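Reader: Got a fold here that I'd like to talk through. Can you take me around the sheet and the helices?

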Amino acid sequence: VSAAAYNESETYLLGRLVHGEARGEPYVGKVAVAAVVLNRVRSASFPNTIAGVVYQQGAFTAIVDGQFNEPITESAYKAARDAMNGWDPTGGAIYYYNPAKTTNSWIWSRTVVTVIGKHRFAI
């Protein structure tokens, strides 16, 4: 699947999530967050659209705390497009978390596959 398979509103939506969730992370970490969303879209355990994954209740802190509504940066938008074009620095992760900030103890039960910046990416 390439970015051409997604429409502009999906790219923008994913970029907004990346900005809210991965602001301050290295560029590869931004791409990794976008890749997790796309990996969820492909997983039978999650909604099968970008909007469905992004807006799934309680899934992303940036939706809950309002960071999602801030204007996005060009790097967040570009990271969304890079993930849509197939770059997945996580190797298929469907979860990520910042161990210094998470309040959900369940996430600690997931197998971490890589660490990028302050985020752990897990399956």
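Reader: How many bridges pair β2 and β3, and in which sense?

Author: This is a predicted model, where local features need pLDDT of at least 70, side-chain atom pairs count only at pLDDT 80 or more, and totals for chains, interfaces and linings use all residues. Residues are numbered from 1 along each chain as its sequence is written, and side-chain values use heavy atoms, with hydrogens and water left out. Helices (H or I, at least four residues) and strands (E, at least two) are DSSP runs numbered from the N terminus, and two strands pair if DSSP finds at least two bridges between them. For β2 and β3 the sense is antiparallel, and the bridges number four.

Reader: Which residue in the turn of that hairpin has a positive phi?

Author: The β2–β3 hairpin has two residues between its strands. A positive phi of about 60 degrees turns up in the turn at Gly-117.

Reader: What is the strand order of the open sheet?

Author: β2 (112-116) and β1 (95-97) are edge strands, each pairing on one side only. β1 is joined to β3 (residues 119-122) by three bridges, running antiparallel. So much for the pieces; the three-stranded order is β1-β3-β2.

Reader: Is His-119 buried or exposed?

Author: His-119 sits in strand β3. Beyond its neighbours within four places in sequence, His-119 has contacts (heavy atoms within 4.5 Å) that include Glu-21, Val-33 and Thr-114. Buried means under 20% relative accessible area, exposed over 50%, partly exposed in between (1.4 Å probe, protein chains only). Because its relative accessibility is 6%, His-119 counts as buried.

Reader: At what angle do the axes of α1 and α5 cross?

Author: Axes are lines fitted to C-alpha atoms, for helices over the stretch in contact, and angles run from 0 to 180 degrees between N-to-C directions. The axes of α1 (residues 8-22) and α5 (residues 74-84) come within 8 Å, and the crossing angle is roughly 120 degrees.

Reader: Which residues in α5 meet α1?

Author: On the α1 side, the contact includes Tyr-12, Leu-14 and Val-18. On the α5 side, the residues are Ala-76, Tyr-77, Ala-79, Ala-80, Arg-81 and Met-84.
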